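Trainee: I am new to this one. Can we go through its charged pairs together?

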Amino acid sequence: MMSISIDDIGASRSIDEAASVLANYDKISEWHVLVNGPSIEHVPSLDPGSAELCLHLTITSGSPLSRYFPSELLNSNYTFKAPLQYNGASLQQKISNYLTQLNVRHYSAIASEFHAQMQRFICLFNCAPKNVSVHQDLDRLKWIQAAVLDATGMKSRAKRSDDKEGYSFEYKLFNENVRVQHVQAYIKKQLTHSTTSMKSKAKELVVHPATRVDDDLSDFTLYRKQRVIEYIAIEQALS
C-alpha cells in the first residue's frame, strides 16, 4: 500500500498552506512537523484531515529547544548550522564536512534536543506523534537512530525501513528546471506501482510541497521553486 507523507510542516506558511489543501485527499497519510519552525504556532489550528500528526526532528534548521547544544554545530546567532553552510566545492563535500563535525561524541546533546522537540510536540498537539522522522535524513546514521529511540521511545523513519518491518519509504528531489508533467508522472507511477511483494508492505512517498516561495521558505531551504512544482503536480495527480 502506497501513501504520501508531507515533510517540513511548520517551516513556512507556504508549506502549511500546501499541506492544508492536500489534506483533502485520502492518500495523504502523515504530516511531519518541525516544532521549531517559524510558522509552528499556526499549525495546531490547521485540519490535517485523515493524516496522522508526526514529528520531524531536526538539528540542521531553526534554533535548539534544549538549553545546551554543541557550539561547533551552531551559527553565531544560536541557530543550527545546515550542511550547505559548510565549506566545500560540491554538495557532497559540504555534507562530508558537516558529517565530520557531527560526531557520536554529540550523542547526549542531540538526544536531549530530540527529547525537547518531542515534549514541544506533545505540548502543541496534546498527543504523542504517530511516527518520527529526521530532517535531511540524518537518521541514516545508526547512532542518530539510537538517539531518536532514546529520546522519543520511537523508531525513526530510516530505522523502521532498515529493520525491514514491512515498511519502506522514498522521495525524489527535482532540479529547478523540472516540469509539472514530469513530477506528476513520477507521483502517479509511485501511486499505481503494485507488485506481489508490496501487497503486504507499507510504502511511504515523502513529498515537499509549498504553495509559493515566501520569506520563511527562502530562509529555510534552497529547494524552493521545486516545492511549488511538487504542490501543483501532487494536486493534479490526486484529483
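Mentor: Start with the term. A salt bridge is a side-chain nitrogen of Lys or Arg within 4 Å of a carboxyl oxygen of Asp or Glu. Keep in mind that this is a predicted model. Asp 7, Arg 157 and Glu 204 are linked in a network of such salt bridges.

Trainee: How many salt bridges are there by this rule?

Mentor: The count comes to twelve.

Trainee: Why is the pair of Asp 163 and Lys 155 called a salt bridge?

Mentor: Their closest N and O atoms are 2.9 Å apart. The cut-off is 4 Å, so the pair qualifies.

Trainee: What makes Asp 163 partly exposed?

Mentor: Its relative accessibility is 29%.

Trainee: What does the salt bridge between Glu 170 and Lys 203 tie together?

Mentor: The closest N and O atoms of Glu 170 and Lys 203 are 3.0 Å apart. Glu 170 lies in strand 5 and Lys 203 in strand 6, so the pair ties together parts that are 33 residues apart in sequence.

Trainee: Is Lys 203 buried or exposed?

Mentor: Buried. Lys 203 has 15% relative accessibility, and the limit is under 20%. Glu 170 has 22%, so Glu 170 is partly exposed.

Trainee: How do you know that Asp 214 and Arg 212 form a salt bridge?

Mentor: Their closest N and O atoms are 3.8 Å apart. That is within 4 Å, so the pair counts. Asp 214 is buried at 11%, whereas Arg 212 is partly exposed at 36%.

Notes. Residues are numbered from 1 along each chain as its sequence is written. This is a predicted model: local features need pLDDT of at least 70, side-chain atom pairs count only at pLDDT 80 or more; totals for chains, interfaces and linings use all residues. Side-chain values use heavy atoms; hydrogens and water are left out. Buried means under 20% relative accessible area, exposed over 50%, partly exposed in between (1.4 Å probe, protein chains only). Helices (H or I, at least four residues) and strands (E, at least two) are DSSP runs, numbered from the N terminus.
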